[in-house]
Amino acid sequence: MMIVIMDAQATMKEKSAVIARAESLGFKIHLSDGKERTIIGIIGDKRDLDKEQIERMPGVERVVPVLKPFKVASREFKPEDTAFSIGEHTVGGKDLIIMAGPCSVESRSQIIETAHAVKEAGAHVLRGGAFKPRSSPYAFQGMGEEGLKYLAEAREETGLPIITEVMEPALVPLVCDYADILQIGARNMQNYALLHAVGKSQHPVLLKRGMSSFIEEWLMCAEYILSHGNTRVMLCERGIRTFEKYTRNTFDINAIAVAKHMSHLPVIADPSHATGKWEYVAPAAKAAVAAGADGIIVEVHPRPDEALSDGLQSLKPEKFAKLVEDLKRIATAVDRHVPE
Ligand code: PEP
Ligand code: MN
């Protein structure tokens, strides 16, 4: 890929001419129309464009090859942070977005009760799995479409947008009918057919980092989604597998800073799966915000000991409410804001 950095004063006509030239040579275009300047990404399969030929065109400042394997996801391609709206709020800007809810939708009353509780405590998005990726085929697999219906009812009652996982390409249209944000789980991070499908859907996506994935692999997976022109992608650090067994995973705070540095995409932290024990969820969440995360996604259950999945790492609503209060102060310290 090459990126064409246009002059700050370049006209629409000059930009269109560059796009037309690249397209006529069989290249694909990715446009980043920033406040400061326009960057035109030119992607070809193998061949590279004649750099000088484009550089001579009017309105072009310079042409630079993107050396990183991820292109559209990179800061080189888009220096400004990506921000987009989620319900009434914006993720990727100054606002810190808080997503909360149970690991799984277990019943109509459970999700509606939890939705009210997390909204009351200050959450902006309701989470809840209807299709669950469980390590054992005998464990609760989720309520499926019935669960999606209850999530939609909970949204209706509280006004909270909903995020839920989709596990297979064939189910993307169904999940899109209900969800405001599609979650790609850690186990499916490299399910390329699924990444193509959610990319094509043009629905906002939260892409979890695979439990044993390099940051570069994670960004390459975001690239799959972005390659379909779906720009509304969030990255989610949810802990990685290390030799340590006391916690479920090891929370990779480094990855938050690295992802923010290498990519323009918003980064969300999941302190629940990162730690696996409710006692450590709040400290990990606070550290994530201090490290520059654009939001958090937290598991909350009204009665964790009755939860059908991830009860050990679920916060009770009161503990979650206290966490939100603490995060407001930490957000201020790092020049962020938790919207009401
Ligand atoms: C979840 O969010 O409940 C979940 C299964 O997460 P992960 O894919 O990160 O394990
Ligand atoms: Mn879970």
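# Close-up views of a predicted model

**View 1. Ligand 1 and its polar contacts.** An oxygen atom of ligand 1 is 2.9 Å from an N or O atom in the side chain of Arg127. Arg238 also places a polar side-chain atom 2.7 Å from an oxygen atom of ligand 1. The backbone takes part too: a polar backbone atom of Ala186 is 2.8 Å from an oxygen atom of the ligand. Taken alone, ligand 1 exposes 290 Å², and the protein buries 98% of that. A polar contact is a pair of N or O atoms within 3.5 Å; within protein, one must be able to donate a hydrogen and the other to accept it, and residues adjacent in sequence count only if both atoms are side-chain atoms. Accessible areas come from the Shrake-Rupley method with a 1.4 Å probe; for residues, only the protein chains shown count as cover.

This is a predicted model: local features need pLDDT of at least 70, side-chain atom pairs count only at pLDDT 80 or more, and totals for chains, interfaces and linings use all residues. Residues are numbered from 1 along each chain as its sequence is written, chains are lettered from A and ligands numbered from 1 in the order in which they are written, and side-chain values use heavy atoms, with hydrogens and water left out.

**View 2. The shell around ligand 1.** The residues around the ligand include Cys103, Lys132, Pro133, Gln183, Lys208, His273 and Glu299. Here a residue is near a molecule if one of its heavy atoms lies within 4 Å of it. By class, the shell has three nonpolar, three polar and six charged residues. Ala, Val, Leu, Ile, Met, Phe, Trp, Tyr, Cys and Pro count as nonpolar, Asp, Glu, Lys and Arg as charged, and the others, Gly among them, as polar.

**View 3. The manganese ion, ligand 2.** Cys103 (SG), His273 (NE2), Glu299 (OE) and Asp310 (OD) coordinate the ion at 2.0 to 2.4 Å. Donors are N, O and S atoms within 2.8 Å of the metal (3.2 Å for Na, K and Ca); water is not among the atoms, so sites may look incomplete. His273 lies in helix H9 (residues 271–275) and Glu299 in strand S14 (residues 295–299), so the pair ties together parts that are 26 residues apart in sequence. Helices (H or I, at least four residues) and strands (E, at least two) are DSSP runs, numbered from the N terminus.

**View 4. The loop at Asp310.** Asp310 sits in the loop between S14 and helix H11 (317–333). Asp310 is not a glycine, yet its phi is positive, about 55°.
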